[in-house]
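Hi everyone, thanks for coming.

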Amino acid sequence: MIANIVKPGNNTYGVLAYLFDKGRANEHTDQHIVASWDDFVPDPGPWDSPGHKQRLGQLTKALDLRVKQAGDKAPEGHVWHCSIRAAPEDRILTDAEWAAIAQRMVHATRIAPEGDPDGCRWVAVRHADDHIHIVATKVRGDLRPPRNWNDYHHAMTELAAVEADFGLTRVLRGPEAVAGTPAAKRPTRAEQEKAKRQGRDMTARERLRHTVRTALSHATSLDEFFNLLADAGLQVETRTLPSGDLQGYKVALPDDGPPIWYSGSSLATDLSLPQIRRRLAAAETHPVPSASTAGGRRPSPWHQATASAERIPHHLDHADDHTAQAHLTVFSEVLYALPAHAPLHLRDELQRAALAFEHAAHTRARADHQHARALRGALKGMRYQPADHTGLAMLLDVAILVVLATQRRSALRHHDRQVAAARQALIHLQAAYDQIAPNTLAALARHRPTDGTVHRYARTLHEVLPSYAEQILAETAWPALTAALATAEAAGHDPATVLKQAARQRPMDDAKSASEVLVWRIQRLGDRHAPGPGARAAQARSPRTQTAPQTGADVPAAYTPPPSRTGRSR
């Protein structure tokens with residue numbers, strides 16, 4: 001819940017006329033008073049109700065009575081106007097609840113302290129479900145002005161108590177508010193009304209921000225960044241200093257009438273030119289070095305991105321804020337890049353997930369972009385290697401874990417808005433995963449090995465993972481798992497070893513489908529270069545490979561498992 005106290009004015013009638021009118025875009029409905037200094041004040045009602053103007057004049061005279069009595073002693077700017085708005089995710093409050101909130105606000109701001117018969121005259125007007133307006137005249141009964149200095153601070157302090165008392169969304173305030181404020185600049189009311197008239201879901205500012213973030217997720221240099229913006233159809237202009245150095249940039253939509261330009265910083269604080277330069281400087285322009293894949297093939301950037309993203313929950317739990325923010329920033333870029341690589345029917349869900357996670361990932365910590373280089377390098381490589389459905393499903397599977405970890409981290413810091421944004425991102429990622437995973441697993445299952453090999457894998461499963469064997473054998477993804485094991489074995493891997501490694505990397509106690517967890521992990525493990533006889537002999541002697549862990553407690557100390565997926569609908 002937030003308050004906005006408008007600069008004082010002198011036109012009481014004008015303020016009231018606006019509040020009881022239909023609004024600039026007919027957004028005002030059921031206009032009425034919910035509370036006032038006097039229960040018997042005239043209520044003008046909706047603008048088109050009989051006698052509206054007469055009652056509006058009567059209400060104005062009642063509010064201005066003491067102003068007239070004070071004469072020259074009345075303060076300049078005698079109208080005090082405060083709007084109070086609930087968060088979008090809050091329930092609709094009743095008139096009685098809004099009345100109680102209004103009374104607490106005029107008391108807290110010293111406009112009309114409780115029990116003071118000389119308090120200022122005021123009314124609270126409601127013309128929408130989610131907010132009210134309080135209008136007061138700043139002359140007390142003793143014809144002195146109220147002592148309402150620092151009223152905004154007192155208002156916000158009182159609203160924090162209101163949120164707790166009414167069970168509403170907790171809005172961060174003070175130093176904490178920086179962490180809860182998204183980097184994205186909010187669209188203005190005029191921008192929102194224009195988008196509505198054009199029948200668009202997003203304002204021009206939001207459409208530009210989405211396009212700029214998508215271009216940034218693919219770019220490896222400033223020149224490439226600007227070229228990608230132009231390729232996306234945006235109008236782009238740059239500013240240079242007399243020295244010839246680039247100073248800034250601005251963008252505009254091509255289909256929005258006369259160009260309305262937005263600088264990068266006006267789209268989001270992290271899209272200013274200096275911020276973009278820092279991010280691109282940390283980007284690796286070549287694939288991240290890693291172990292060679294089976295058959296000497298070049299490592300898949302999709303597998304690399306998945307492996308790097310899988311470590312993010314560990315960083316969020318154990319790294320400092322600057323490092324954690326670097327990983328969240330790069331992962332946000334990954335989500336913005338995914339729609340361009342995904343099938344058409346998934347793009348809408350993935351775009352919505354990226355937009356939601358943008359708000360979930362932003363904190364006041366400055367990202368140290370020298371971290372998360374592996375994921376950033378894999379992200380740049382993804383642009384040049386089209387994703388198959390397996391790679392995309394694998395990355396979405398891990399992406400859900402990352403967002404769960406982000407949600408948990410925000411909840412521990414009481415960043416309620418970020419928690420809500422992470423929840424929205426989860427909904428869209430889960431929907432995208434649920435659309436692509438079944439077909440991907442079915443395609444893998446078509447390559448299942450012979451019945452004899454399947455029976456051998458079942459025996460291996462009982463030996464390696466006895467606690468999960470029966471569950472896995474009964475799951476619909478078991479045929480896909482046998483195909484993944486067969487592919488890994490054909491590349492020279494031992495099926496028992498890769499099963500142990502896959503189980504050790506991620507606990508399965510709370511996974512709805514343990515076989516799916518193993519499929520995605522083995523797909524990546526099987527793509528690596530198979531160990532030679534000497535390495536396999538060393539693995540056999542290693543205590544870590546003697547028995548597979550049955551719970552997350554057996555995960556190596558150097559690796560903290562990602563959060564479980566309890567309650568996921570997969």
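Predicted model: local features only at pLDDT ≥ 70, side-chain atom pairs only at ≥ 80, totals over all residues.

**Rings and a helix**

So, a search of the whole structure turns up four aromatic pairs. One of them is phenylalanine 225 with tyrosine 249, and that pair is edge-to-face. Quick reminder on how to read this: a pair of aromatic rings is described by the distance of the centres and the angle of the planes. Here we have 5.8 Å centre to centre, with 90 degrees between the planes.

Where do the two partners sit? Phenylalanine 225 is in helix 8, residues 222-231, while tyrosine 249 is in strand 7, residues 246-252, so the pair ties together parts that are 24 residues apart in sequence. Both phenylalanine 225 and tyrosine 249 are buried.

Now over to helix 18, residues 451-464. At 1.5 Å a residue, its 14 residues should span 20 Å, and the end C-alpha atoms are 20 Å apart, which agrees.

Which residues of helix 18 are buried? They're Thr453, Val454, Tyr457, Ala458, Thr460, Leu461 and Val464. Look down the axis of helix 18 and those buried residues fall within an arc of 165 degrees, so they line one face of the helix. The spacing makes sense: an α-helix has 3.6 residues a turn, so residues three or four places apart point the same way. On the face of helix 18 turned away from the buried side, you'll find the exposed residues Asp451, His455, Arg459 and Glu463.

Key
Residues numbered from 1 in each chain as written. Heavy atoms only, no water. Phe/Tyr/Trp six-rings, centres within 6.5 Å; stacked < 30°, edge-to-face > 60°. Helix = DSSP H or I, 4+ residues; strand = E, 2+ residues; numbered from the N terminus. Buried < 20%, exposed > 50% of the residue type's maximum accessible area, 1.4 Å probe, protein only. Expected span 1.5 Å × (residues − 1). Arc of directions from axis to C-beta.
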